[in-house]
Every structure is written in C-alpha cells, then in structure tokens.
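Subject: Structure handover

Hello,

Here is the structure I promised you. Please open it first, then read my notes beside it.

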Amino acid sequence: GVFLLPYCFFTLLCGLPLFLLETVVGQYTQEGAVTCWTKICPLAQGIGYYTMVIQIYFRVYSIVLAWAVFYLIYSFSGTLPWASCSNPWNTDRCVDLSTAGSGQLIINSTNVTKSSVSEFWERRVLSMSGGIEELGSVKWEMLLCLLACWVACYFCIWKGVRSTGKVVYFTAVFPYVMLVILLIRGLTLPGALQGVVYYLYPDVSRLADLQVWLDACSQVLFSYGVSAGTLITFGSFNKLKNNCCR
C-alpha cells in the first residue's frame with residue numbers, strides 16, 4: 001500500500017512531464033526517435049542512435065512474454081505441473097504445496113527444501129545450469145513460444161502505426177478483463193480478506209527503504225515508455241498543431 005506514495009510522486013515528477021516532452025519533440029520535428037535530434041541540435045544526434053542501441057538489448061524482454069505463453073499453455077493441464085512434486089524435473093528437496101503443512105513451506109537460507117512452484121520455474125522453465133560457463137541446450141518449447149511472441153508482434157505493426165492503434169483496443173482492454181476475472185476468483189478463495197489487508201495495509205517504515213523508491217521510479221518510467229524512442233516516433237505522426245497537451 002505504501003508503494004503508491006512514491007509511485008504517485010514519480011508519476012508527477014517524471015512520468016507525465018517526460019511523456020509530454022517526448023510527444024512534443026516528435027510532433028514538433030515530425031521526425032522519428034533518431035532523426036529528430038538532428039533538427040533540435042546536430043551535435044545531439046548521437047542520443048537517437050544511443051536510444052536504438054539500448055532498444056536492441058532491451059528486446060531481450062520478449063523472453064518474458066515467452067515465459068507467459070509457456071505458463072499459459074501449461075495452465076490448461078488438468079493438474080497444474082507446478083502444484084505437485086511428481087514431475088520428472090522435481091528433486092528430493094521438493095515440497096508439495098497442496099499437501100505440505102505451513103511449517104514446511106518456509107524455504108530456509110540453506111535451500112534444504114524448495115516448493116514445487118520454485119522447482120517448476122527454475123528446473124522446467126529456466127533449466128538453470130550450475131553457472132554461466134554451462135550453456136546448456138536449446139529449449140525448443142521455449143524457442144517456439146518466443147517465436148510465437150515475435151510473430152504476434154510483427155502482425156501488430158506490419159501495416160504501420162495505424163494498425164497499431166487498432167491492436168491497442170485489444171491489448172489495452174484484454175489485460176483488464178483478465179484481471180477482473182482473477183480478482184473475482186481470488187476473492188472467493190479462503191483467506192482472501194487477510195491477503196487483501198496484508199497487500200494494501202501501508203507499512204510506513206518501508207518509505208525509509210531506498211529500494212522502494214527506486215522500484216517505484218523504474219516502474220513509472222517503464223509504464224510510461226519514456227526514454228525508449230516510442231513516444232517520439234508516435235508523436236511524429238501527429239499533426240503539427242495537434243493539442244497533445246490536452
């Protein structure tokens with residue numbers, strides 16, 4: 001609950017001003033994220049190329065979407081694979097969440113036990129190796145999920161910015177529909193009220209934790225898509241006299 005305070009603070013301090021600024025830059029110059037800097041200040045055109053280089057590395061984020069697709073496929077199973085320890089990837093340290101007592105669910109610092117959820121994530125999804133020197137093998141299922149994400153991304157933008165605007169009608173609304181479904185389902189589970197209170201009850205002492213403020217700031221910048229070149233590019237499609245402030 002207390003996370004909302006730094007989040008709203010950085011929304012007003014960084015999120016909204018930067019969102020407006022980048023949209024204005026694109027609209028005023030009528031150029032994309034790289035070439036707009038040439039019109040503003042030729043010496044600053046390196047900023048545009050720098051942004052694109054960052055985006056090349058940032059596209060690794062697509063693997064997170066592949067994980068989501070992977071989980072979505074497995075969620076259609078009659079018995080969820082992360083709910084039990086009877087799978088080929090589980091170890092002797094696995095603790096079954098459906099049958100274990102509350103005392104067994106605490107994972108101690110020596111990692112003597114691990115939940116079935118953790119083992120599904122680490123051993124099935126990630127296939128974590130012993131170290132960076134062990135590359136491991138290609139996970140074909142994950143590769144296909146990643147390919148599906150890139151294909152979906154391509155068809156979202158293949159006809160240009162106008163088709164992207166139409167796709168947003170689905171991509172912006174569908175998550176809220178799913179969240180409402182999950183909310184209703186979650187509120188019907190035992191102990192739901194205690195969970196909601198724990199989630200929303202503000203722990204004021206956490207405001208002294210710098211990490212909370214860093215997380216809030218990074219979440220605002222990520223959510224608003226600033227410093228990524230996207231807003232400048234979209235703004236360049238606006239008419240020169242469009243009231244983007246309104």
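Take Cys-85: its relative accessible area is 25%, so Cys-85 is partly exposed.

Two notes on the source. This is a predicted model, in which local features need pLDDT of at least 70 and side-chain atom pairs count only at pLDDT 80 or more, while totals for chains, interfaces and linings use all residues. Residues are numbered from 1 along each chain as its sequence is written, and side-chain values use heavy atoms, with hydrogens and water left out.

**Overall layout**

The protein chain has ten helices and two strands. Both are DSSP runs numbered from the N terminus: helices are H or I with at least four residues, strands are E with at least two. In order from the N terminus, the elements read α-α-α-α-β-β-α-α-α-α-α-α. Along the principal axes, the C-alpha atoms fill a box of roughly 65 × 45 × 35 Å.

The radius of gyration of the protein chain is 23 Å, whereas a compact globule of 246 residues would have one near 18 Å. That radius is taken over C-alpha atoms, and the globule rule is 2.2 Å times the number of residues to the power 0.38. Of the 246 residues, 24% are buried.

**Cysteines**

How many disulfides does a search of the whole structure find? The search finds one. A disulfide here is a pair of cysteine sulfur atoms within 2.5 Å. The partners are Cys-85 and Cys-94, with their sulfur atoms 2.0 Å apart. The link is left-handed, with -75° about the S-S bond. Cys-94 is buried, at 14% relative accessible area.

Cys-36 is in no disulfide; the nearest cysteine sulfur belongs to Cys-41 and is 12 Å away. Cys-36 is buried, with a relative accessible area of 0%. Cys-245 is exposed, at 60%.

**Aromatic pairs**

Rings of Phe, Tyr and Trp (its six-membered ring) pair if their centres lie within 6.5 Å; planes under 30 degrees apart count as stacked, over 60 as edge-to-face and the rest as tilted. By this rule there are 18 aromatic pairs. One of them joins Phe-9 and Trp-213 edge-to-face, with 5.9 Å centre to centre and 80° between the planes. Phe-9 sits in helix 1 (residues 4-29) and Trp-213 in helix 9 (residues 210-224), so the pair ties together parts 204 residues apart in sequence. Phe-9 is partly exposed at 41%, and Trp-213 is partly exposed at 28%.

Trp-67 and Trp-121 also form an edge-to-face pair, at 4.9 Å centre to centre and 85° between the planes. This pair links distant parts of the chain: Trp-67 is in helix 4 (residues 62-74), Trp-121 is in helix 5 (residues 116-125), and they are 54 residues apart. Ring pairs link Trp-67 and Trp-121 into a cluster with other residues, including Phe-70, Tyr-71 and Trp-82.

**Salt bridges**

Which contacts count? A salt bridge is a side-chain nitrogen of Lys or Arg within 4 Å of a carboxyl oxygen of Asp or Glu. The whole structure has four. Among them is Lys-39 with Glu-31, where the closest N and O atoms are 3.6 Å apart. Lys-39 is exposed at 55%, while Glu-31 is partly exposed at 25%.

Lys-114 meets Glu-122 at 2.6 Å, N to O. Lys-114 is buried, at 14%. Arg-124 meets Glu-141 at 2.8 Å, N to O. That pair links distant parts of the chain, 17 residues apart: Arg-124 is in helix 5 and Glu-141 is in helix 6 (residues 140-157). Arg-124 is buried at 10%, and Glu-141 is partly exposed at 38%.

Have a look at these places in the viewer.

Best wishes

Conventions. Buried < 20%, exposed > 50% of the residue type's maximum accessible area, 1.4 Å probe, protein only.
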